Amino acid sequence: QLQASGGGLVQPGGSLRLSCVASRFIFRGDYMGWYRQVPGKQRELVARIVSGDSPIYADSVKERFTVPRDNVENTVYLQMNSLKPEDTAIYYCNVKSFNRNYWGQGTLVTVSS
C-alpha cells in the first residue's frame, strides 16, 4: 500500500529526495513519515508529519532533512541535504492511521565517496 522510491548512491554533502505514495486514502490525522535502519540496529524515526502540526525530526537530521507532505497526492517526501556517511541506511516510509502502522518496502540510501 506504500510505494517508496528515490534511494541510491550519493557522495557526502550531496542531496537525495525520497518519495512514498500511498495507494490507500490518507486521512488528515494520519502521521506520515520515514524511519531508517542499519544492520544490527533498531529501526529509528527520521521524520514524520501530521497535517496541522509541526514536523518532528531526529536530532541527527535536523537542519538537513525536511518531510513535505502532499495530501492530494497521498505522498510524503524526504528531502535529504548535506548527507553524511552515517545517513547510510535502508529508509522505510510509514503511515500511522488509527494506531495501525503501515510500512513501505524500504529503499537503500548509501552515502559514500
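A residue is called buried here when its relative accessible area is under 20%, exposed when that value is over 50%, and partly exposed in between, as computed with a 1.4 Å probe on protein chains only. The model is predicted, and for that reason local features need a pLDDT of at least 70 and side-chain atom pairs count only at pLDDT 80 or more, while totals for chains, interfaces and linings use all residues. Residues are numbered from 1 along each chain as its sequence is written, and side-chain values use heavy atoms, with hydrogens and water left out.

With a relative accessibility of 6%, Arg36 counts as buried. Arg36 has its place in strand 4, residues 31–37, where strands (E, at least two residues), like helices (H or I, at least four residues), are DSSP runs numbered from the N terminus. The side chain of Arg36 makes two of the polar contacts described here, one with the side chain of Ser60 at 3.3 Å and one with the side chain of Tyr91 at 2.9 Å. A polar contact is a pair of N or O atoms within 3.5 Å, of which, within protein, one must be able to donate a hydrogen and the other to accept it, and residues adjacent in sequence count only if both atoms are side-chain atoms. Leaving aside residues up to four places away in sequence, Arg36 also touches (heavy atoms within 4.5 Å) a set of residues including Glu44, Val61, Phe65, Asp87 and Ile90.

Phe65 leads on to strand 9, where its bridge partner is Met80. Strand 9, residues 75–80, is mostly covered, with five of its six residues buried. Two strands pair if DSSP finds at least two bridges between them, and strand 7 (residues 65–66) is joined to strand 9 by two bridges in the antiparallel sense. Strand 8 (residues 69–70) likewise runs antiparallel to strand 9 with two bridges, Asp70 standing opposite Thr75; in the hairpin of these strands, which has four residues between them, Asn74 takes a positive phi near 55°. Strand 3 pairs with strand 9 over six antiparallel bridges, and Ser19 stands opposite Tyr77.

The structure holds one disulfide, a pair of cysteine sulfur atoms within 2.5 Å, formed by Cys20 and Cys93 with their sulfur atoms 2.2 Å apart. Because Cys20 lies in strand 3 (residues 16–22) and Cys93 in strand 10 (residues 89–97), the pair ties together parts that are 73 residues apart in sequence. The link is right-handed, with 50° about the S-S bond, and both Cys20 and Cys93 are buried.
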